[in-house]
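Student: I have a protein model open and I'd like to learn how to read it. Can we go through some features together?

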Amino acid sequence: MTTTDTHCPYCSLQCGMGLRTAPSGAPVPVEVVERPGFPVNLGALCGKGRSAAALLDRAARLTVPLVRDRRVVRDRRGGELREASWDEALDRVAAGLSGTAERYGRDAVGVFGGGGLTNEKAYLLGKFARVALRTANIDYNGRFCMSSAAAAHRKAFGIDRGLPFPMADISRTGCVILVGANPAETMPPALRYFRELRENGGQLIVVDPRRTSTAELADLHLQPMPGTDLALALGLLHLVVADGRLDKDFIEERTTGFEAARACAMAHWPERVERLTGVPVAQLREAAGMFADAETGMVLTARGPEQQSKGTDTVGAWINLCLATGKAGRRYSGYGCLTGQGNGQGGREHGQKADQLPGYRSIEDPAARAHVAAVWGVDPEQLPRSGRSAYELLDCLGQEGGVRALLLMGSNPVVSAPRAGHIAERLRSLDFLAVSDLVLSETAELADVVLPSAQWAEETGTTTNLEGRVILRQRAVSAPPGVRSDLAVLSGLARRLGVEQGFSEDPEQVFEELRRASAGGQADYSGISYERIRAEDGVFWPCPAGDGDSKDKGNGTSNGDTDSDGTPHPGTPRLFLDRFATPDGRARFAAVSHRPAAEQPDADYPLFLTTGRVVSQYQSGAQTRRVPELNRAAPGPFVELHPQLAHRLGVAEGELLAVTSRRGRAVASARVTESIRPDTVFMPFHWGGAGRANSLTNPALDPISRMPEFKVCAVRVERAGSERMGGERAASERTGSEQAGSKQAGSTV
């Protein structure tokens, strides 16, 4: 039996796995086997990875294009989707996009991508928007993932790569502060690095409002109120300064802006921070001492501190702590972001983000526009400028002056967007919606045309994991008849829109063009090839096409120190060891101060809601909810609450609760646990319908990253009485004004 080396389709670890030909008569054509030689996971896989082949079952997926003959305004479900040929479906999409542009202008057409698309797809989607459609309005769901960390990373270090070091370095550092991350459930194979850290004598500090499975492993767990991570970071820096634990030599030699950051931190004395966060002064002092006294250390953040309306400032404050203690730009030290989506890193590097061109170039930079336009064979003046960010794009759908026709690829915003009921309404109001996906997601159900796309096992392409390691997924089986790759979709649409050249269906040809487009940019892939990736188990960017032997010189630029002996550049596993990627080579402190979340609890909505993931589901659940093994482990939504709150409500484990915010309402069963703060409830966001957590969440945006505030909003909680989940869909989508005075009978908090 043949085994193909490839990678898991889910999270940003991009774990190595093998796909082995299944026995004749098996329901799916391949089975997942371990790939112990891949360095990130060494063969280990979580339940999602082990069961990934289940989605190759024809019964679980789309296998033919669908079109809607009758569209009913405000309710697309009123017209039936029917099967169609590919020619009919693509003709309908091309007509819908071009007709809208003719009536309302080019920017009335929008494109919305996904962080799960391969680098080749993300690149070609961005090119399609700017060359074939010539619209400024393209963004992607990765904006909802790590955009605040990316913005802070670029401000501090001049470049954005999730981790500036390999995952293996985590186990060799002296102390890790893990902020708002739960890798035990979101990326289980990564947990070994944190276990090894402690086995090697290092210490782990976890910051999370919940005592998660990850927090159970920690030497110290800090449990702040949601939305106060910025104050916590400032308080720790205050203590480092006050206790004389600064690395003054590092600050003097390799940073700028310390005095302004110091002044901000000194306004956050321990007692004030305890009042703001709920974290006792004694724990603040213990954490500051543990981190500052360690010879090496790292701060790693995830969505907890990032998905806030002040996420960029919050991450900046945690970076300040690294810089002040000299824990950056050195081996086994630094700040890193635990990126969430499978290609969340690569997806934001090559053009599907509103303000970027390939290679992490700014679309407003004349030199960048000229370089990319030359690769694409177009006039730089024809390229659009920056467009709307993800939520702003979705919010303007169907509005006067907004986007009237949308091509959506690999995303499910009906479940995943904040204020999701409102976004569903906006999608219904479009003149035309086309969705390319492998399953009939909640968003695809609203479309005029649905295009069935090939899956990871059925096509070849690269992704870039959270380390900045560019890896290669390899085709193991053919897609079913009637299914096409997204590259083929874009190629077919481009031809119908009058662009005959430049949209290859061959992923390696697209990657070769991507290499040229990225050359000289911060995310320089020009020295990377499919052949090298196969031979080296991935290549770290930046990797320019020039020569070099300096695998760890790590200056953070895409044209760094190289020798001219003809050897290929080896890639850059570790950034910043010589200098940071700023013009003067110095890291920049951020002068930031605490401010509250956009929405605080009050008499009507007295509790915090925070959201997150569970181990057996992934993102909007469009894929994992179709895998029986995963559904048995995580069958539906729930509301996690503290026993004190449950007692006040008079609710027992498993009873239905209604959770209401100013934006909507969700109903799910109670899960009573002492692991959460008494003033906070938690809901996972993997489900639509009545239990849709994102019916509640707040779209207040970070002013820099445009990240919505998923992780904190004000809610009330009440017993749902005799209501049942199936009848709650309409309630989950009501607006705040419609819900005024709609409290249920029974206790309310």
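Student: Where is L42 found?

Tutor: L42 sits in the loop between β3 (30-34) and α1 (47-50). Those labels are DSSP runs numbered from the N terminus: helices are H or I with at least four residues, strands are E with at least two. Keep in mind that this is a predicted model, where local features need pLDDT of at least 70, side-chain atom pairs count only at pLDDT 80 or more, and totals for chains, interfaces and linings use all residues. Residues are numbered from 1 along each chain as its sequence is written, and side-chain values use heavy atoms, with hydrogens and water left out.

Student: What is phi of L42 near?

Tutor: Phi of L42 is near 50°, a positive value in a residue other than glycine. F576, in the loop between β21 and β22, also has a positive phi, near 75°.

Student: What kind of peptide bond joins W541 and P542?

Tutor: A cis one, with omega about 0°. P542 lies in the loop between β21 (539-540) and β22 (587-588).

Student: Now helices. At what angle do α7 and α9 pack?

Tutor: Axes are lines fitted to C-alpha atoms, for helices over the stretch in contact, and angles run from 0 to 180 degrees between N-to-C directions. Helix α7 (residues 229-242) and helix α9 (residues 258-266) pack at about 105°, with axes 8 Å apart. Under 35 degrees counts as roughly parallel, over 145 as roughly antiparallel, 65 to 115 as roughly perpendicular and the rest as oblique. So α7 and α9 are roughly perpendicular to each other.

Student: Which residues meet there?

Tutor: Contact means heavy atoms within 4.5 Å. L234, L237, H238 and V241 in α7 meet F258, A261, R262, A265 and M266 in α9.

Student: Which residues of α15 are buried, and why do they line one face?

Tutor: An α-helix has 3.6 residues a turn, so residues three or four places apart point the same way. In α15 (residues 366-376), the buried ones are A368, R369, V372, A373, V375 and W376. Seen down the axis, they fall within an arc of 155°, so they line one face of the helix; the arc is that of the directions from the helix axis to the C-beta atoms. The face turned away from the buried side carries the exposed residues P366, A367 and A374. Cover for the buried residues includes α3 (119-133), β14 (356-357), β15 (361-362) and α20 (507-518). After α15 comes G377, with a positive phi near 70°.

Technical notes:
Buried means under 20% relative accessible area, exposed over 50%, partly exposed in between (1.4 Å probe, protein chains only).
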